[in-house]
Structures are given as structure tokens and as C-alpha cells.
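Please look over the sequence and the structure first.

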Amino acid sequence: SSGINAEYGVPELFENMTAALIHSQPENAKKFMIKYLETLKEYRDEKGNYPAMFTDANMTAVFGMLDVTNKGYISMEQYRSALKTLGVKKYNARPDGCEKDQISLPTFITEAEEAPITSIMTSQPFSKAFPEIE
């Protein structure tokens, strides 16, 4: 049973839905979750991809918190840690700049956006991805 859950991404689905629920704080949580699942199904059926709730601005803010000295880059360890914290399970282990241990903001955003959809992050704002939910 737990193998099936992992195979179909059930834990990630619930993590993402919970994050969306907390982010949106709708009046009717049950209605929100039903619409959330319906919208995900529509995206999967029509576009083959799922939207999520993080924007470029969110990722820029995270990057800025890590680049406290404004060098314009973060270390590989910071890159890995930030992506994991944001919910990205699988990511490019050798992004541009890894040889020098200097990951730039554009690289960070690109890698986050291109991460497999098990993550909860894209450049599309949550409100635009799910306009009829909020």
C-alpha cells in the first residue's frame, strides 16, 4: 500500500494541497480541496503539467535570504538546501555554476522551474494557476 502511494505521488499531492490550503486560507476548505483536485486533473489531462504556488518573486526572496552579502550567487549546499526546503524532491545536481560553487539567481530560478512536477514550485503564481479557487 505505501509503495502504491509513493508510485502515484500521494504524499506529494497531500503536501502540495496542504500548502495551497494554508496559502489561500479559503472560507470553505472542503470546497477548496475538491476544486484543487479537479483543477489538477484538468491540467494533467490538458497540459500534462501541474501548476503550483511559488512565484519568481518567492524564489528571489529565498535566494536573497541565502545571499546575505549580495555576492550574486549561493553555494551548492545552499542551492540543494533551498530546493529541498521549497519541496523540490528531484533537481539538477550539476547546475550552471556548480564547478565554482556559485549558483546565480537566474540559474536557481531556472532549475527550480524545470524540476520534476513532484515539486510545488513554478514561475506561475498560484492565483493564476487556480483562479477559480481563490
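**Basis**

This is a predicted model, in which local features need pLDDT of at least 70, side-chain atom pairs count only at pLDDT 80 or more, and totals for chains, interfaces and linings use all residues. Residues are numbered from 1 along each chain as its sequence is written, and side-chain values use heavy atoms, with hydrogens and water left out.

**The chain**

The chain holds seven helices and two strands. Helices (H or I, at least four residues) and strands (E, at least two) are DSSP runs, numbered from the N terminus. In order from the N terminus, the elements read α-α-α-α-β-α-β-α-α. Of the 134 residues, 34% count as buried; buried means under 20% relative accessible area, exposed over 50%, and partly exposed in between, with a 1.4 Å probe and protein chains only. A contact means heavy atoms within 4.5 Å. Among contacts between residues at least 6 apart in sequence, 68% join residues at least 24 apart.

**Helix α4**

Helix α4 spans residues 56-66, and its buried residues are M59, V62 and F63. These residues lie on the same side of α4 because they cover an arc of only 100° around the axis; the arc is that of the directions from the helix axis to the C-beta atoms. A57 and M65, on the other side of α4, are exposed. The buried residues of α4 pack against β1 (73-74), α5 (76-85), β2 (103-104) and α6 (105-114).

V62 is part of helix α4 and counts as buried because its relative accessibility is 18%. Leaving aside neighbours within four places in sequence, V62 is in contact with A82, L86 and F108. The C-alpha atoms of V62 and L105 are separated by 9.9 Å, although these residues are 43 residues apart along the chain.

**Two helix pairs**

Two packed helices are described by the angle between their axes and the distance between the axes. Axes are lines fitted to C-alpha atoms, for helices over the stretch in contact, and angles run from 0 to 180 degrees between N-to-C directions.

| Helix pair | Axes come within | Crossing angle |
|---|---|---|
| α4 and α6 | 10 Å | roughly 130° |
| α5 and α6 | 11 Å | roughly 40° |

Angles under 35 degrees count as roughly parallel, over 145 as roughly antiparallel, 65 to 115 as roughly perpendicular and the rest as oblique. By this scheme α4 and α6 are oblique to each other. The crossing of α4 and α6 is right-handed; a crossing is right-handed if the near helix is turned clockwise from the far one by less than a right angle, and left-handed if anticlockwise. On the α4 side, D56, M59, T60, V62 and F63 meet L105, F108, I109, A112 and E113 of α6. The residues of this contact divide into seven nonpolar, one polar and two charged. Here Ala, Val, Leu, Ile, Met, Phe, Trp, Tyr, Cys and Pro count as nonpolar, Asp, Glu, Lys and Arg as charged, and the others, Gly among them, as polar.

Helices α5 and α6 are also oblique to each other, and their crossing is right-handed. Y79, A82 and L83 of α5 make the contact with F108, E111 and A112 of α6. Its residues divide into five nonpolar, no polar and one charged.

Not counting residues up to four places away in sequence, S75 touches D101 and I103.
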